[in-house]
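The sequence and structure are shown first, and the description follows.

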Amino acid sequence: MKACHPDLSGNDPETTNFCMFINEVYGVLSDPVQRMVYDEIHGYALTAMNPFMDDSAPRDHVFVDEFSCIGCKNCANVACDVFRIEEDFGRARVHSQFGNPELVQEAIDSCPVDCIHWTSAAQLSLLEDEMRRVERVNVALMLSGMGSASTDVFRMASSRWEKRQAKVLEQAKVRMMQQKDADKTDSYWTNLWGKPKQYKKSEEEVKERAKRAAAAARRWREYSRRGVDKAPTGKLPDPLSNSSKHN
């Protein structure tokens, strides 16, 4: 945070926005209730269910599978307030979840490669995280045969969730075996990080926090694409010497 403080970065907007984003992440992970929701979405809670296996959550968020997108720009023309063409790879990307649902559905129905999907907020958070990790090529190279469109991002995101969950279960099992006081084992099987005493899992609250997680995942993908998640290259000012202070 010190390295990218606005006072030391020349008021660079990207740096300032990144600092604000880090503060938001800290706020989520340090709050027991928000941490609980985050853990359940991303497979770090023992009571969690794979979002791709959960049919009860409403699918009211839209996602573009950029591996399958051919950059035809149809969706951006139909619902320009929701879809834009990503500049590095020439593929469509969702930039807002607050567009006209009817126009979004029209874009889905008219997509020539069926790469636009309705998802739940929890699914979207995992999908955005997965899209950030995998290398892609420009759509022009893909269409010329130099890239592959066969990557199944849904399967990859679901598989990563299952691996996380398996690791959490194994960690909980080991900790339980090491726990000498039998009365305290519940904390490990209820939630790996402990169970907040006043956690109330209201449906509206969970939906709202899931939406925030999905939005944060998309912003993090944008930061990663621009490289601003990497360590700053600028040199911080040297501290003043004692002689300089006296002068």
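Lysine 73 lies in the loop between β1 (61-64) and α3 (74-78), where helices (H or I, at least four residues) and strands (E, at least two) are DSSP runs numbered from the N terminus. The model is predicted, so local features need pLDDT of at least 70 and side-chain atom pairs count only at pLDDT 80 or more, while totals for chains, interfaces and linings use all residues. Residues are numbered from 1 along each chain as its sequence is written, and side-chain values use heavy atoms, with hydrogens and water left out.

Most residues other than glycine have a negative phi. Lysine 73, however, has a positive phi near 70°. A second case is aspartate 114, whose phi is positive at about 55° although it is not a glycine; this residue is found in the loop between α4 (101-110) and β4 (116-119). The table gives accessibility for both, with buried meaning under 20% relative accessible area, exposed over 50% and partly exposed in between (1.4 Å probe, protein chains only).

| Residue | Phi | Relative accessible area |
|---|---|---|
| Lysine 73 | near 70° | 47%, partly exposed |
| Aspartate 114 | about 55° | 55%, exposed |

Cysteines form another topic. A search of the whole structure finds zero disulfides, a disulfide being a pair of cysteine sulfur atoms within 2.5 Å. The sulfur of cysteine 115 is 3.6 Å from the closest cysteine sulfur, that of cysteine 111, which is too far for a bond. Cysteine 115 is buried at 3% relative accessibility, whereas cysteine 80 is exposed at 58%.

Helix α5 has 13 residues and reaches 19 Å from its first C-alpha to its last, close to the 18 Å expected at 1.5 Å a residue; the expected span is 1.5 Å times one less than the number of residues. Of the 13 residues of α5, 11 are buried, so this helix is largely enclosed by the rest of the structure. Among the buried residues are Ala121, Gln123, Ser125 and Glu128.

The axes of α5 (residues 121-133) and α7 (residues 153-178) come within 9 Å and cross at roughly 105°. The two helices are therefore roughly perpendicular to each other, a term that covers angles of 65 to 115 degrees. Residues of α5 including Leu126, Leu127 and Met131 meet a set in α7 that includes Phe154, Trp161 and Arg164, contact meaning heavy atoms within 4.5 Å. By class, this contact of α5 with α7 has eight nonpolar, no polar and five charged residues.

Notes:
Axes are lines fitted to C-alpha atoms, for helices over the stretch in contact, and angles run from 0 to 180 degrees between N-to-C directions. Angles under 35 degrees count as roughly parallel, over 145 as roughly antiparallel, 65 to 115 as roughly perpendicular and the rest as oblique. Ala, Val, Leu, Ile, Met, Phe, Trp, Tyr, Cys and Pro count as nonpolar, Asp, Glu, Lys and Arg as charged, and the others, Gly among them, as polar.
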